[in-house]
Amino acid sequence: MAAENLLKVEAVETYYGNIRALAGVDVEVNKGEIVSLIGANGAGKSTLMMTICGSPQARAGSIIFDGEDITKLPTHLIARRRIAQSPEGRRIFPRMTVYENLQMGAGLDNLKYFNEDVEKIFTLFPRLKERQSQRGGTLSGGEQQMLSIGRALMARPKLLLLDEPSLGLAPLIVKGIFEAIKKLNKEEGLTVFLVEQNAFAALKLSDRGYVMVNGKVTMSGSGKELLANPEVRAAYLEGGRH
Amino acid sequence: MTASTETGHPNVLAKAVREGLFAGVIAFFMFLLFVGIETYQDINNALVWRTRWGLLAIFVAVAAVGRFLTVGFIKPHVDRRKLAKAKSGVLEISENKSFFHRHFLKIALVFLLVYPFLSLLIVGKQGSLKYVDNFGIQILIYVMLAWGLNIVVGLAGLLDLGYVAFYAVGAYSYALLSSYFGLSFWLLLPMSGILAALWGIILGFPVLRLRGDYLAIVTLAFGEIIRLVLINWTDVTKGTFGISGIAKASFFGIWSFDTGSANSFVKAWGLSASSVYYKIFLFYIILALCMLTAYVTIRLRRMPIGRAWEALREDEIACRSLGINTVTTKLTAFATGAMFGGVAGSFFATRQGFVSPESFVFLESAVILAIVVLGGMGSLTGIAIAAVVMVGGTEVLREMSFLKAVFGPDFTPELYRMLLFGLAMIIVMLFKPRGFVGSREPTAFLKERRAVSGSFTKEGHG
């Protein structure tokens, strides 16, 4: 099966002022895949996420999404190409209710599919349905993460970017969220690009993975391969099992 | 045991005495120079001083006794009530509100509609000038300004300290265009709104990247720039002299309110000449303009642009990642807010008949912003109440001549207006840190509308 390419990041360099955060990164995501990007703190994982979204923009290299060059597009236009993001730190709208947060996600289609999509989100995350008229800011961390993913899904994305969905959450909740992602991928063919520090859980879930060190991709392969790779194990997996 | 909690625990009383004394000492040193010593110029223009120990003693006593009562009795009482409430499990948002509470808006609107005639009935033509003009129109102008600023600050979360600039643009647009080109009020009213909106966009562009404190400083500067231009562009604006003799609004071109004109309103209706009819007419115009502002705000909040404003206030990055164009969102917020400011400004010009840069100082921006914050950012009802309290309050303070009996014949209450005003603001912010109406009404809901209680919000963040 010749995998159809959805996102192609080629030789991308991103700078914060004069500091180079990404030093020529190549990443590919095919349609229907779950791809994860793992690496230590400060490796540039989140920067790559943000660069795909155009904030900051890449100074060199190209980002091709669905056959279109989106490297120099402003963020909101990239989002309108159906790249939805659940950003690092979740960034839900704290004063708005859960329901309104989801509504904000559906703004691209002017709420055309809102009712049917919101039902889908509530089936996926029943907790959100219970909390629908509560303020986003009063939710627990896990519920906020569900809301952040739910809000991104409301945009009917072709590609879902998840930045550290496990950040600061209890293992049981992380498991639930990862199961939901898996389900979306299996049942709806949603393409997911995932940044994680929780390398074990991420690689187990993923079709393929990339390892990032100091702004460069140093290793790539299928999730299973990377999980079995001694270097990866030493650096990202066993190190965490003290 | 129960008895001691009823009357106040001995420990509490001891603490209250201690804190009361402490507050007295602090008050003594704080007011020693400000109140205890008064400077004045004698006949030779030399600066001399005299002491006012009596007044100082009053200040100190008020501080000490006030603190004693607060710590010893008021706070334990409030705490007990809160505890009892928490135990009984009754939520702050109660379902069975009183009749007045439920129909508050309708009652308020009906009251406003009959207000001019009510005052005519009660205090007569001459007396109602004050009530319709100084209270009614004055307050409604501020309601409209605050509702306009609410779009920028309350909904879009862009802190604007130079809002009075748009008010000035509107006022001068009307004053200049009507006196140079003789255009009518009804044409210039929307036009000043549009001009002010243009200026809103002009201000919006350079500040697109700014937020919070930085934005506040730039908008503050913008307000000052407009004022300085008005002062120094003497050829057009006549500088500090201002523009006088601005045309009155006509009754939609049918009748004029100028005395002596052929189609005068008083003549047409066979009334005795009085300026009160014009004031009543103006009252209804500003009431209609306020209603328009409220209607537009409520409608916009349910539309994509209004939702985008609120989302922008919450989180700009999340906004962009959801495909919202933050540039146009900010600009429309500035433009819409500025437009209402401009319309209010042109109304102000026609009502005063005179505009000068004096009316558009920073203090005005501060008052409007204070109304928005006191009322509860985003809440139209709260802001209207705050406008009544703040503007009406300062007007009432003008007439506190009975205070002379307390403080002696030299006491001029007008001088203390701002002091009392500041004190009132501090007290309100201490007890209602989210403003009069701290809850936010969701614009979307599945089954039932439920106000989102303010108690869940971080203080100082709306």
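Which residue in β4(A) stands opposite L7(A)? F65(A) does.

## Basis of the model

This is a predicted model: local features need pLDDT of at least 70, side-chain atom pairs count only at pLDDT 80 or more, and totals for chains, interfaces and linings use all residues. Residues are numbered from 1 along each chain as its sequence is written, while chains are lettered from A and ligands numbered from 1 in the order in which they are written.

## The sheet of chain A

Chain A holds an open sheet of four strands. The order is β2-β1-β4-β5, with antiparallel pairing. Strands here are DSSP runs of E with at least two residues, and helices are runs of H or I with at least four; both are numbered from the N terminus. Two strands pair if DSSP finds at least two bridges between them. Strands of a sheet pair through backbone hydrogen bonds, either parallel or antiparallel.

β2 (19-30) and β5 (68-69) of chain A stand at the edges. Each has a single partner strand, so one side of each is left without a neighbour in the sheet.

## Strand by strand

β1 (residues 5-16) of chain A pairs with β2(A) over nine bridges, in the antiparallel sense. There, N5(A) has N30(A) in β2(A) as its bridge partner. Helix α1 (residues 45-52) of chain A packs on the sheet. α1 touches β1, β2 and β4 (60-65) of chain A. Contact means that the C-beta atoms of two residues, placed from the backbone, lie within 7 Å. The direction of α1 makes about 70° with that of β2(A). Such angles run from 0 to 180 degrees between N-to-C directions, and axes are lines fitted to C-alpha atoms, for helices over the stretch in contact.

β1(A) and β4(A) pair in the antiparallel sense over five bridges. β4(A) and β5(A) form a hairpin with two residues between them. D66(A), in the turn, has a positive phi of about 55°.

## Two domains in chain A

Chain A is divided into domain 1 (1-82 + 160-242) and domain 2 (91-157). The bounds come from an automatic or database domain assignment. The domain centres, taken over C-alpha atoms, are separated by 23 Å. Ten residues of domain 1 and twelve residues of domain 2 make the contact. On the domain 1 side, β7 (159-163) and α7 (171-188) of chain A each supply at least two residues. α7(A) gives the most, with three residues.

## Where chains A and B meet

The contact takes 28 residues from chain A and 26 residues from chain B. On the chain A side, α2 (75-80) and α3 (98-105) give two or more residues. α3(A) gives the most, with five residues. By class, this side has ten nonpolar, 13 polar and five charged residues. Ala, Val, Leu, Ile, Met, Phe, Trp, Tyr, Cys and Pro count as nonpolar, Asp, Glu, Lys and Arg as charged, and the others, Gly among them, as polar.

## A helix pair in chain B

Helix α6 (residues 164-181) and helix α14 (residues 326-352) of chain B pack at an angle of about 45°. Their axes are 6 Å apart. α6(B) and α14(B) are therefore oblique to each other. Under 35 degrees counts as roughly parallel, over 145 as roughly antiparallel, 65 to 115 as roughly perpendicular and the rest as oblique.

Residues of α6(B) in the contact include F166(B) and Y174(B). Those of α14(B) include G345(B) and F348(B). The contact has twelve nonpolar, seven polar and no charged residues.
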